[in-house]
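Visitor: I would like a close look at one part of this protein. Please take me through a single sheet and what surrounds it.

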Amino acid sequence: MNVERTHSLNDREELTVNFPQELCTDCQALEARRFAVIVDHMAEAFISINSDWHCTYVNHKAEELLNSKQQHLIGKNIWTIFSVDLTSELYKYCHRAIVTPTAIEFEEHYPSVNKWLRIRLIKSEDGLLIYFQDTTQTSQLDRQLKAEIAKCQQVEATLQKEQDFLKAILHNVQAGIVACDADGILTVFNQAAKDFHGLPQQPVPPPQWAQYYNLYLPDGKTPMNTEDIPLFQALQGHNVRDVEMMIVPQQGTARMLLATGQAIIAANGEKQGAVVVMHDITQRKQAENALREGEAQLSSIFQTIPDGITILDSTGEIIAANRAAERILRLTRSDLVDRGYNDPSWIITTVEGHPFPEDELPFARVMQTGEPVYGIEQAISHADGTRTILSINASPLFDAEGQLINIIAAFSDITERKQTEDERVQLVQEQAARALAENSQQQSAFLAQVSAVLSSSLEYEQTLQSVAKLAVPYFADWCSVDLLNDDRTIGRVAVAHSDPEKVKFGWELAQRFPRHLDDAYGIAKVMQTGQIEIGIEITDEQLVATVPNAEYLEILRGVGLKSCIIAPLQARGRVLGSITFVFTESDRRYRLEDIPLAEDLAQRAAIAIDNARLYNETQQAKLAADLAANRTARLLAVMTALSESLTSAQVAQVIIEQGMSALGASSGLVAVLNQDASELEIIQAIGYEHIGEFQRSFSIHAPYPLAEAVRSGQPVWVETIENRIARYPHLAEAYAKAGSEAWISVPLLIEGQAAGGLSLGFWLSRCGVLSPAPLS
């Protein structure tokens, strides 16, 4: 008898007994019964099958699991017993086990018995031994465990994927994101935050955050206290919204950040830490600063323009006014704002006092046409009953879509100019009336001639020469006219004599011995007192007592003076000069009766001079008004261009282009002071492309024209290259490269303080043209 040791599915050792044929039949039967008893009482189910796959033995456990009696199972095909087809695991492994010396184990569900069975197949001499046990319960637990494990793995994979996705977002987002745990130890520090700080994430406690990560208040100079740090505030439970802060790394670029954050609270209410999101607003702040600077410049220009400026909305309401407007309109800004352009209290009329047509008002015309209007004259009334005559320019202002949103009106007070014009008309009328009244007098013919000459031209020096000629020889042998200058010097403007050589001599005498108001004799005395002087008989003693210059005295003796009248030229209570009548070779003498004629002639001449000067002043005032209108229009264009500029370079470009256009310059540049006002930095240059690279910054104390203008706050202009090189010899080479022949350097002032400077260059010399006026 051979005994083989095997292992059951539950790892119990089993005995397989093989009886040798030489034993007696009784012994075999006995052993077979013992074996059957052992097999029947096994904890495992057992079936044996032959090579034809039919069941040859079934123990009690198999009957129990298969829910069928032994007699129903013996002789049946194994596939029928288990109700399986050719695709089952049992079919596959049975065919493999029949040719395999080693045991095969597997587990499979059998719907016929509604159980999971763990089966072990062992090849026998004439078939297979099949051991199996019910693993339904353990399989369900195992499957549940495996399902839970699979679910956990899936969740873990999903979480890992989400974490990877979150890391990618944190790495690529432009905002800096920093988080810490409840103890203040940094746990999240994305790439943008690292770029902001120029430092990696470190386990630094909150009291060291400001120092380690270079955190400052918005001024960029004051280090942050721990309680000011947005992340720390969020960690304390505060809701942080739009807090500005500065990062000023020791190496790298300072940044202005806008931080928002909050505490991280778990579902159970436990604080787990805090997080902040930081946005880099450096460029936005720079743009805002540039915009504020531009607005400050616009405001300075707006308030310092000598003409009145008002800005009206599309309904005609005044929304802004400068100081000049307040002064001219005699109203405060609060009184002006919200007033309509046609407010009844102004009683708007024409200059002549007639009602002004509503549709001809500047605002109405601009609204109708969308085009600027210039030089509209109208009169307004004030609360005290007085009138002011205005000359008005108006221009539309459009938004980015081309819609008219505002109208800018510029106006100047021309009341005095109009009054001057009226006075001139009145004076001319008085002169004409006087001439008509005197036609009946004995000297009407002479005076008529004089009046005709005086009224023939407004070039009073020419007419005075003609009057002097008319007086010779009718009323004098010599006649001269002298005018008083503003510097108290006396200038001769007319000399008349019947002999041209003596006329030439008279001019030379005035040039050799110029007179001054302080001389206190002769024409100077008459101009001082405004009283006519008559010398009926001129004696040598009188000449010696009167004339202090010996050489001049001898010349006068040689002329042979006999008698004279010196009459002042007066108009509107002011002495303009004098006219002198002298008798010499004709041996005539003046009488007291001649004084009225001399006075009359002098009065006519004075009126002519005054009229001519009034005319010139009127012309100059009109020219100044035209220049002011042009200047205002240009300033309006500058203000419009500046309002569209956002950066310092754009503002500088507008200033240069408008300056070049206004003055005919060929090149220009703008430099601004740095923060400590120690250096000037060129931020925009036009017209210097032909000279290549050049120095972009220089000290405010450098010996350069622009630096000098900024330091002094006064313009510096030189109209020839020779004068400029003489003044700045060290810049001769640079001037040769530039090629300009004249330059202007002016400071750019904001509220009286220099913020930078403007330099303009000219290809052709403008000698005699450059002056402070065009620069104002």
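Guide: The secondary structure of the chain comes to 25 helices and 30 strands. Both are DSSP runs, numbered from the N terminus: helices are H or I with at least four residues, strands are E with at least two. The model is predicted: local features need pLDDT of at least 70, side-chain atom pairs count only at pLDDT 80 or more, and totals for chains, interfaces and linings use all residues. Residues are numbered from 1 along each chain as its sequence is written, and side-chain values use heavy atoms, with hydrogens and water left out.

Now the sheet. Five strands form it, in the order E4-E3-E7-E6-E5. The sheet is open, and its pairing is antiparallel. Two strands pair if DSSP finds at least two bridges between them. Strand E4 (55-58) and strand E5 (104-110) stand at the edges. Each has a single partner strand, so one side of each is left without a neighbour in the sheet. From one strand to the next, the twist averages 25°. Such angles run from 0 to 180 degrees between N-to-C directions, and the axes are lines fitted to C-alpha atoms, for helices over the stretch in contact.

Look at E3 and E7. Strand E3 (residues 45-50) and strand E7 (residues 127-134) run antiparallel, joined by six bridges. Phe46 has Tyr131 in E7 as its bridge partner.

Helix H5 (residues 89-97) lies across E5, strand E6 (115-123) and E7. Helix H5 runs at about 160° to E5.

Step back to the whole chain. Of its 776 residues, 42% count as buried. Buried means under 20% relative accessible area, exposed over 50%, and partly exposed in between, with a 1.4 Å probe and protein chains only. Take contacts between residues at least 6 apart in sequence: 49% of them join residues at least 24 apart. Contact means heavy atoms within 4.5 Å.
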